[in-house]
Amino acid sequence: MDTRRLFRVSEQFISIQGEGEDIGLPFSFIRFFGCNYYCEWCDTKYAVQHWSSEYYERSPDELLEWVLAQGNRRVCLTGGEPLTAPAQLLLQFVQTLKENNQYIDVQSNGTIFNAALASLIDSWSISPKLGSSKMTERPDILAKYLAAKRAGSLTGKLTLKFVIKDSADLQLTFTLLESLPEIATLQLPIILQPEGMAGHDTAEYVTALRWLTEQTAIGDEAARWRKYQPRILPQLHRIIWGGRKGI
Ligand code: SF4
């Protein structure tokens, strides 16, 4: 049994949601330290123990106090991988956030399913890692999310978000979607976004957005995507602030 009473935290900050279904809305962000993956293009390496050992510790009460002091109604639990935080402690924290009427978004890589949290989270943003990340997605875990959604135990939004670097990633995404027919049956929101801007300027990012749009919504290859109706979205925070930390 995990008896740790403190979270490892990489940073806390106020910003807008930069990606996904809630893009543009104000949020309080808690970035937990630690991840079970080490993706090649990870844009938060400072929050992953494979590359960094810098974190501080906070209790659930301290984090709640900070969240309430910000005055936002929405909090994003991100990382690293937030679901690697001690499970009981995370459950306790999420319960107190709900008691204080916070809308909770969890940004996860989709490799961990925590049934106890399923009904408490307002928005699950699941981002499976594909070929260019050098990691592999976990369709067996995604199937658990889908089963919970179908059974009604996962009551919030469930969104699949894919970071696409190249045509191989796009094909892997399509193959993964096809392997889990419930994604289409449940009409889950699918978001495709180009891999971040590290080392690229805004013009190159726009080119990547255009390519992704033409491949999945307009061009000859797009017809097969129509059963999924994917949304093409940028990372808004990257356009506004580049790769700046803490925003
Ligand atoms: S899962 Fe996310 S936080 Fe973890 S290494 Fe990959 S990109 Fe970074």
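Okay, two housekeeping points. Residue numbers start from 1 along each chain, following the sequence as written. Since the model is predicted, local features need pLDDT of at least 70 and side-chain atom pairs count only at pLDDT 80 or more, while totals for chains, interfaces and linings use all residues.

Let's start with the whole chain. You'll find seven helices and nine strands in the protein chain; helices here are DSSP runs of H or I with at least four residues, strands are runs of E with at least two, and both are numbered from the N terminus. The radius of gyration is 18 Å, close to the 18 Å that the globule rule gives for 247 residues, so the chain is as compact as a globular protein of that length. For the record, that radius is taken over C-alpha atoms, and the globule rule is 2.2 Å times the number of residues to the power 0.38. Along its principal axes, the C-alpha trace spans about 55 × 40 × 30 Å.

How much of the protein chain counts as buried? That's 36% of the 247 residues. Buried means 20 or more other C-beta atoms within 10 Å of a residue's own, exposed means 12 or fewer, partly exposed is in between, and the C-beta atoms are placed from the backbone. Now contacts, meaning two residues whose C-beta atoms, placed from the backbone, lie within 7 Å. Among contacts between residues at least 6 apart in sequence, 74% join residues at least 24 apart.

On to the ligand. Which residues surround the ligand? The shell has Cys35, Tyr37, Tyr38, Cys39, Cys42, Thr44, Val48, Gly79, Gly80, Glu81, Asn109 and Lys129; the cut-off is a C-beta atom, placed from the backbone, within 6 Å of the molecule. Sorted by class, that gives six nonpolar, four polar and two charged residues. In this scheme Ala, Val, Leu, Ile, Met, Phe, Trp, Tyr, Cys and Pro are nonpolar, Asp, Glu, Lys and Arg are charged, and the others, Gly among them, are polar.

Gly80 sits in the loop between β4 (74–78) and α2 (87–99).

Next, two helices. Take α6, residues 202–218: at 1.5 Å a residue its 17 residues should span 24 Å, and the end C-alpha atoms are 22 Å apart, which agrees. The expected span is 1.5 Å times one less than the number of residues. Buried in α6 are Ala208, Leu212 and Thr216. They cover an arc of only 45 degrees around the axis, which puts them on the same side of α6; the arc is that of the directions from the helix axis to the C-beta atoms. Over on the other side of α6, Thr202, Ala203 and Ile218 are exposed. The cover over the buried residues of α6 includes β7 (157–164), β8 (190–194) and β9 (231–232).

Then there's α4, residues 167–179. Its 13 residues should span 18 Å at 1.5 Å a residue, and the end C-alpha atoms are 18 Å apart, which agrees. Its buried residues are Asp169, Leu170, Leu172, Thr173 and Leu177. Their arc is only 165 degrees around the axis, which puts them on the same side of α4. Turned away from that buried side are the exposed Ser167, Ala168, Thr175 and Ser179. And what do the buried residues of α4 pack against? β7, α5 (182–185) and α6.

Last stop, the loops. Between β5 (103–108) and β6 (123–126) we have Ala115, and Gly110 lies in the loop between β5 and β6 too. Buried or exposed, for Ala115? Exposed, because Ala115 has 10 C-beta neighbours inside 10 Å. Gly110 is buried, with 22 other C-beta atoms within 10 Å. Setting aside residues up to four places away in sequence, Gly110 touches Ile126, Ser127, Pro128, Glu137, Arg138, Ile141 and Leu142.

Lys134 isn't a glycine, although its phi is positive, about 70 degrees; Lys134 is in the loop between β6 and α3 (139–151). Lys134 counts as exposed, with 12 C-beta neighbours inside 10 Å. Gln187, also a residue other than glycine, has a positive phi near 50 degrees. You'll find Gln187 in the loop between α5 and β8, and Gln187 is exposed, with 10 other C-beta atoms within 10 Å.
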